[in-house]
Amino acid sequence: ENSGAGRRLADAPFGDPAGVRLGGTYSDAAHPGCVRRILLSGSTAIITGADEDGKPWKVKGQVQGRSILVDFTAKGGPKDVVATWTGLGLRFPDGNLWTKK
């Protein structure tokens with residue numbers, strides 16, 4: 001009897017690949033009102049946004065399971081930043097959270 005319930009659990013949204021959740025639009029707690037967008041192409045993540053100065057930026061990342069290894073050097077930041085999916089958004093090593101919209 002449990003095999004049916006097990007199959008339903010396997011088909012539930014939390015069983016989907018992480019990529020389904022990682023792509024989309026986020027709000028950045030460290031930069032209120034500054035939207036971040038993540039576009040996935042295979043295991044590559046293209047992340048775009050603008051900070052308070054309004055100047056657009058684009059960085060790349062590599063999806064690894066439920067995390068993205070982001071290279072922020074294109075906007076003057078560090079190279080290997082791991083952002084991890086929390087269920088609500090992406091948590092960065094400095095504690096910042098990008099909340100999925």
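User: How many helices and strands does the secondary structure of the protein come to?

Analyst: This is a predicted model, in which local features need pLDDT of at least 70 and side-chain atom pairs count only at pLDDT 80 or more, while totals for chains, interfaces and linings use all residues. Residues are numbered from 1 along each chain as its sequence is written, and side-chain values use heavy atoms, with hydrogens and water left out. Helices (H or I, at least four residues) and strands (E, at least two) are DSSP runs, numbered from the N terminus. From that end the elements run α-α-β-β-β-β-β-β-β-β, and the secondary structure comes to two helices and eight strands.

User: What pLDDT does the protein average?

Analyst: The pLDDT is the predictor's confidence in each residue, from 0 to 100. Of the residues, 80% score at least 70, and the protein averages a pLDDT of 85. Over residues 1–20, however, the pLDDT is below 50. Where pLDDT is low, the predicted coordinates should not be read in detail. To return to the value asked for, the average pLDDT is 85.

User: Is Ile47 buried or exposed?

Analyst: Ile47 is placed in strand β3. Not counting residues up to four places away in sequence, Ile47 touches Arg37, Ile38, Trp57, Lys58, Val59, Val70 and Trp98, where contact means heavy atoms within 4.5 Å. Buried means under 20% relative accessible area, exposed over 50%, and partly exposed in between (1.4 Å probe, protein chains only). Because its relative accessibility is 1%, Ile47 counts as buried.

User: Why does Glu52 count as exposed?

Analyst: Glu52 has its place in the loop between β3 (44–50) and β4 (56–64). Leaving aside neighbours within four places in sequence, Glu52 is in contact with Ala30, His31, Pro32 and Cys34. Glu52 counts as exposed because its relative accessibility is 52%.

User: How far apart are the C-alpha atoms of Glu52 and Pro32?

Analyst: Pro32 is among the residues in contact with Glu52. The two are 20 residues apart along the chain, and their C-alpha atoms are separated by 8.4 Å.
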